[in-house]
Amino acid sequence: MSTELRDYHAPVWNEPVVLEMGYPGRRGLAVPEAEAEVRAEVDDVADLIPEAVRRRDRPALPEVSEPEALYHYLRLSQQTLGMMGISLFGTCTMKYNPQVNEAIAWRPEVTEAHPHQDDDTLQGTLELVHRFDTILREMSGMDQFVFQAGGGADAAYTSCAVTRAYHASRGELHQRDEIITTIQTHPSNAATAAAAGFKVITLMLDEDGYPSLDAVKAAVSERTAALMVNNPDDMGVYNPQMREWVRVVHEAGGLCFYDSANFNGMMGKIRAREIGFDACMFMLHKTFGAPKSGVGGPAVGAYGCSAELAPFVPTPVVAHDGERYYLDHDRPKSCGKIREFWGNVPVVVKAYAWVRAMGAEGVAEASDISVLANNYMEQGLLAIRGVTRSHPDATSPRLEMTRYSLARMKEETGVDVHDVQNRMSDFGVDPMWTSHEPWLVPEPFTPEAGEMYGKEALDTWIAVLARISDEAYSDPEVVRTAPHNQAVHRIDHEAMGDPTRWAMTWRAYLRKRRATGAEG
């Protein structure tokens with residue numbers, strides 16, 4: 001690869017933790033004592049806190065001024081987030097969020113609204129949510145969408161809750177207690193099925209990268225409640241037998257849920273309902289151009305379903321009676337609430353703005369570019385020493401992502417995928433994503449170019465991996481001791497299992513003690 005790699009070095013400061021900063025008496029904000037007449041009216045605010053939950057001692061808080069706190073966290077942001085390199089984050093389609101969408105979502109009509117306001121004061125917001133509902137119906141073929149779920153796992157759990165309510169309404173819930181999924185479907189499907197009280201049947205993969213139709217037929221029975229599956233899966237493999245899978249499950253009386261977390265390569269090409277699925281979900285905070293944050297951050301798992309399942313969706317549902325928009329709470333068959341209120345509206349606003357700006361042609365073109373970029377990258381990555389592709393005998397092209405393996409590199413050099421991740425950051429490139437557990441492919445990595453990066457960025461990413469491969473075979477110690485150009489250095493992974501050195505909770509401490517044999 002002829003792409004020139006520029007020198008990179010992260011900013012470094014010897015920054016203390018905030019509890020080590022400040023001086024006694026220093027404050028960011030001095031709150032005045034309440035006037036006597038106010039105190040007489042409201043009494044002592046401490047009386048509002050029950051005796052049993054009051055602190056015995058003052059909390060150990062840092063005493064710093066507002067500028068000191070601001071500068072401290074700005075320096076930390078430069079150390080931890082300042083790289084902003086090329087991020088091909090697998091299975092998540094981490095798109096750029098246009099600033100105009102942020103500006104729209106920050107308008108007071110959105111930020112200052114309250115979900116308990118009278119519907120007549122929310123007509124614009126309700127109209128926007130309802131319009132986006134109809135857009136997603138068009139993209140999926142479904143008859144109803146709700147936006148209460150807080151992310152992909154929440155949407156999968158919504159599907160499980162709707163499945164329970166549907167079978168209960170038919171008097172079959174006691175019988176239908178099994179949900180079928182695959183080992184390479186998003187783990188949230190199996191996890192949420194178990195959390196909803198179902199038994200989980202997991203299908204393994206054949207040589208062509210997906211379970212066989214015969215395996216589905218063997219798993220399906222009168223106990224089947226639903227099928228929950230990604231297509232394409234997390235290795236980018238598309239299962240061409242999916243319509244037959246759905247037919248088999250339906251004939252047994254089960255429902256079928258299409259997890260569209262990997263929808264980026266399918267946008268404008270496939271509609272879940274036309275394949276026969278009863279329900280699906282979309283990641284608004286990934287596929288539809290809204291930013292993704294950490295656990296509990298801004299996210300929406302848009303859940304859509306057929307008219308037959310619509311009575312069971314969480315309430316309230318944004319509806320339109322021909323004259324006005326309103327929140328419909330009158331759904332006696334509803335599975336109940338999955339999350340508070342009726343969804344993360346600012347994320348819906350951003351996703352709506354993104355789709356309207358793209359238009360149908362733009363959405364389809366983005367899908368084409370995503371698939372093209374992934375297959376372009378494959379040519380460069382497979383030319384790198386030590387890199388192989390999962391299921392090498394499968395001849396069908398991958399879609400928006402591909403799972404690769406560094407097992408050969410590890411066998412020949414001792415350098416593993418985590419070493420490579422650490423070394424990538426030395427070149428100003430975000431470390432690659434590996435895969436969900438369990439690692440079906442040894443030493444995996446799963447880049448996903450999407451449509452937002454140009455050819456030059458993809459060439460740089462490939463060139464970085466090629467450079468690291470050369471180092472692994474010529475001077476492996478350089479890779480094994482990386483990173484070298486970052487503000488933080490290599491983590492001591494051996495300490496991770498030591499409960500005396502690393503345990504965030506008492507439960508974790510006890511679990512680690514048992515795992516290390518310190519507790520009989």
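Let's start with D208, which is partly exposed at 33% relative accessibility. For that scale, buried means under 20% relative accessible area, exposed means over 50%, and partly exposed is in between, with a 1.4 Å probe and protein chains only. D208 sits in the loop between β3 (199–203) and α8 (213–219). The helices here are DSSP runs of H or I with at least four residues, the strands are runs of E with at least two, and both are numbered from the N terminus. Between the C-alpha atoms of D208 and Q421 there are 28 Å, and the two residues are 213 apart along the chain.

A quick word on what we're looking at. This is a predicted model, where local features need pLDDT of at least 70 and side-chain atom pairs count only at pLDDT 80 or more, while totals for chains, interfaces and linings use all residues. Residues are numbered from 1 along each chain as its sequence is written, and side-chain values use heavy atoms, with hydrogens and water left out.

OK, salt bridges. Side chains of opposite charge can pair when their charged atoms come close. The rule here is a side-chain nitrogen of Lys or Arg within 4 Å of a carboxyl oxygen of Asp or Glu, and by that rule the count is 29. 

Have a look at E68 and R26, whose side chains form a salt bridge at 2.7 Å, N to O. That pair links distant parts of the chain: E68 is in helix α2, R26 is in the segment before α1, and 42 residues separate them. R26 counts as partly exposed, because its relative accessibility is 32%.

Next pair: which helices do E102 and K350 connect? The two residues form a salt bridge, with the closest N and O atoms 2.9 Å apart. The pair ties distant parts of the chain together, with E102 in helix α3 (residues 99–105) and K350 in helix α11 (residues 345–381), 248 residues apart. And are these two buried or exposed? E102 is buried, at 17% relative accessibility, and K350 is buried too, at 9%.

Staying with α11 for a second, let's do helix packing. The axes of helix α5 (residues 123–140) and α11 come within 10 Å and cross at roughly 45 degrees; axes are lines fitted to C-alpha atoms, for helices over the stretch in contact, and angles run from 0 to 180 degrees between N-to-C directions. That angle makes α5 oblique to α11. On that scale, under 35 degrees is roughly parallel, over 145 roughly antiparallel, 65 to 115 roughly perpendicular, and the rest oblique. The crossing of α5 and α11 is left-handed, meaning the near helix is turned anticlockwise from the far one by less than a right angle; clockwise would be right-handed.

Now α13 (residues 417–424) and α14 (residues 455–474): their axes come within 10 Å and cross at roughly 120 degrees. That makes α13 oblique to α14, and here the crossing is right-handed.

T315 and P316 are joined by a cis peptide bond, with omega about 0 degrees, and P316 is in the loop between β7 (301–305) and β8 (317–320). A cis peptide bond also joins A482 and P483, with omega about 10 degrees. P483 is in the loop between α15 (476–480) and α16 (506–515).

Then positive phi. F341 isn't a glycine, yet its phi is about 55 degrees. You'll find F341 in the loop between β9 (325–328) and α11, partly exposed at 34% relative accessibility. D43 has a positive phi as well, near 65 degrees. D43 lies in the loop between α1 and α2, and is exposed at 51% relative accessible area.

That loop brings me to L48, which is also between α1 (36–42) and α2 (66–81). L48 is exposed, at 71% relative accessibility. V38, V42, V45, L48, I49 and V53 make a nonpolar surface patch of about 570 Å². Patches take residues with over 30% relative accessible area and no salt bridge, joining like charges within 9 Å and nonpolar side chains (Val, Leu, Ile, Met, Phe, Trp, Tyr) within 5 Å. The areas come from the Shrake-Rupley method with a 1.4 Å probe, and for residues only the protein chains shown count as cover.
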